[in-house]
Amino acid sequence: MTERHHLLVHGGTFAAVGDGGDVSGVRGGSAPDGLFVRDARHLSRWQLTVDGAVPETLAPVADGDTARCVLVPRGGRQEPPAYTLFREQAVAEGVLVESLRVTSNRPVPTVVRIAVTADADFTDQFELRSDHRTYTKIGAVRGREVLDDGVRFTYQRGEWRSRTTVTAEPAPDGVEETGTGARRLVWTLELAPHSSAELALRVSARPHGAREPEAPRSPAAVRERQQEASAELARGVPFPAAWPALAAACAQGLSDLAVLQIAAAGPDGEELRVPAAGVPWFLTLLGRDALIASLFALPYRPEPAASTLLALAATQAVETGAGAVAQPGKIVHEVRHGELAHFGQVPYGRYYGSVDATPLFLVLLGAYVERTGDLALARRLEPHARAAVGWMLDHGGLTSRGYLVYRADEGGLANQNWKDSPGAICGADGSRPSGPVMAAGAQGYAYDALRRTAQLARAVWTDEVYAALLEQAAADLRDRFQRDFWMHDRAFPALALDGEGRHVDALASDAGHLLWSGLLDKEYGELVGRRLLEPDFFSGWGVRTLAAGQAAYHPLSYHRGSVWPHDNALIALGLARYGLHDEARAVAHALVDAATATGHRLPEVLAGYDRAGHGEPVPYPHACVRESRSAAAPLALLTAVGEA
């Protein structure tokens, strides 16, 4: 059986360790292990041996803010372990800290030889994905330097320089070569009868362009810091006393949001904290994800919204760039800081392959100002908002095509709406459209964006002419959409239109986003809302991304039959908007039950199997364990049932 990985997260840093706290660095599997900072693995091996042997795990690492386990030397029933090792690990920004306590179980003096084998391969995360791609790194050089209290690993490729420093207190008795590039730190500990000895180890990562991290004293100090951050984010949130399971899901979600806050810069270089998308693969700024997470949290915590808006304004495209599909006014889809992005070997340094981040930016700005009355931010971001509207009307396609439109990006993303995996936009038979695509959900976001920006133009920017123009554009879009997307024979909107205006006819959950945006009139909206709760769509754990019974459906497909918590949260908000309160509660109860079955934490995505056939939600095999949109989804449910 493959050993589980346990994720420790803090800001832009995460570590994945095994049941006994080790890191093997073996490639393959659904998730990598090691210490990762700014898209690079800064610790690829971290293996503990005692007296030359790997100890047995007596109590494996469990979920929590720190990784704690109990280890003993291997032996038999007739010979009790001579000593016990208590191991605790935690991460802070750029740092892994470990506390190792060795306790003798003998009434006589005992000598114990501890060794920790460490290595840093500085592998970019994109190299660890199971996509069978390889990347050439001409001139790359790795180095190792023995220190008085540990060892330093270095990496250089041209101007790119990174390092990882391992230190210990007390200092190791020696640092040994292993013949593999790794180094082994060794201690010989003399234990009095029934006494203990402690080692404190720190791994400090300094990626290219980053500052030297500040190392906390111990895992306990990290735990205390994270608990304070979680408490601060949860302060004042009205947890529903009458629904303890929803309250627990909200509390867990806020705790996850607290550790997923990463550093970003605003338009004037100001330091910000914004929601990262998720771990392990997306601990970075993704425009769409940060916007949706901030929208969900907005009624209770407006701070993430303000920071997200400023960070995305700072990265808004100002010119056309073919490789990054950038166009003036477009909001960034993804920001990466790793080596491959730096050298242009992947296109995601600043990547603009999203048709919906730009309208969602305007939706969040309008909702934020309406909620907070922060007119100063509305005025400061007026040029950015006008540029975003300009992109929607011009490059985005609203004026020329009548809809927001995207084309597959060779080398980047084939689909550029929230269902961005290959084949996610499809017909009921699984066929894929070719050429330009007009995805339904993005048109709803555009409609809402035009209406909200018109309100800002009238109330804050005092531009009545611009406001009237945007209101007319929104009304025209609504009329066009209901004429062109509605499938009368199925009483449901198409998932998309292809370049010829033909229906991409899969029955998909994106229709629920149209309720959230208010794009459908009341009659159509009620038909859609009730249809989403029929058994082929509703699994009992939530609404499937694709209704069962279609040839394209697969319960373990990423976007063609699975259940996404954030998708369902948007649907619940939309159902409440259209007065379908019983349906909104049904979706909310399904998601809360799923969260309760998984320790009150909602993962990125669940399998689409029916609840009646399996009493617990089936996990999706490659889901992000902590994801900002899913973490904030219980807050959206709280809003939806409050409105219901």
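Helices (H or I, at least four residues) and strands (E, at least two) are DSSP runs, numbered from the N terminus.

The model is predicted: local features need pLDDT of at least 70, side-chain atom pairs count only at pLDDT 80 or more, and totals for chains, interfaces and linings use all residues. Residues are numbered from 1 along each chain as its sequence is written, and side-chain values use heavy atoms, with hydrogens and water left out.

**Helix packing: α1 and α2**

- Helix α1 (residues 219-234) packs against helix α2 (residues 244-259) at an angle of about 120°, and their axes are 8 Å apart. Axes are lines fitted to C-alpha atoms, for helices over the stretch in contact, and angles run from 0 to 180 degrees between N-to-C directions.
- The two helices α1 and α2 are therefore oblique to each other. Angles under 35 degrees count as roughly parallel, over 145 as roughly antiparallel, 65 to 115 as roughly perpendicular and the rest as oblique.
- The crossing of α1 with α2 is right-handed. A crossing is left-handed if the near helix is turned anticlockwise from the far one by less than a right angle, and right-handed if clockwise.
- On the α1 side the contact (heavy atoms within 4.5 Å) is made by Q226, A229, S230, L233 and A234, and on the α2 side by L254, S255, L257, A258 and V259.
- The residues of this contact between α1 and α2 divide into seven nonpolar, three polar and no charged. Ala, Val, Leu, Ile, Met, Phe, Trp, Tyr, Cys and Pro count as nonpolar, Asp, Glu, Lys and Arg as charged, and the others, Gly among them, as polar.

**Helix packing: α6 and α9**

- Helix α6 (residues 357-372) and helix α9 (residues 440-459) meet at an angle of about 40°, with axes 8 Å apart.
- Helices α6 and α9 are therefore oblique to each other, and their crossing is left-handed.
- From α6, the residues P359, L360, L362, V363, L365, G366, A367, V369 and E370 meet Y445, A446, D448, A449, R452, T453 and L456 of α9.
- In the contact of α6 with α9 there are eleven nonpolar, two polar and three charged residues.

**Burial of helix α3**

- Eleven of the eleven residues of helix α3 (residues 287-297) are buried, so α3 is largely enclosed by the rest of the structure. Buried means under 20% relative accessible area, exposed over 50%, partly exposed in between (1.4 Å probe, protein chains only).
- The buried residues of α3 include the charged pair R288 and D289, and among the others are L291, I292, L295 and F296.

- R386 lies in helix α8 (residues 382-393) and is partly exposed, with a relative accessible area of 27%.
- Neighbours within four places in sequence aside, R386 is in contact with W461, D463 and Y466.
- R386 and K419 are 33 residues apart along the chain, and their C-alpha atoms are separated by 27 Å.
- L189 lies in strand β15 and is buried, with a relative accessible area of 11%.
- Not counting residues up to four places away in sequence, L189 touches V102, T110, V111, V112, I114 and A197.
- L189 and V112 are 77 residues apart in sequence, while their C-alpha atoms are 5.2 Å apart in space.

**Backbone geometry in loops**

- The peptide bond from E169 to P170 is cis, with omega near 0°; P170 is found in the loop between β13 (160-169) and β14 (174-177).
- The peptide bond from V279 to P280 is also cis, with omega near 10°, and P280 is found in the loop between β19 (278-279) and α3.
- H194 is not a glycine, yet has a positive phi of about 55°. H194 lies in the loop between β15 (183-191) and β16 (196-206) and is exposed, at a relative accessible area of 53%.
- H600, also a residue other than glycine, has a positive phi near 70°. H600 is placed in the loop between α14 (581-597) and β27 (626-627) and counts as partly exposed at 30% relative accessibility.
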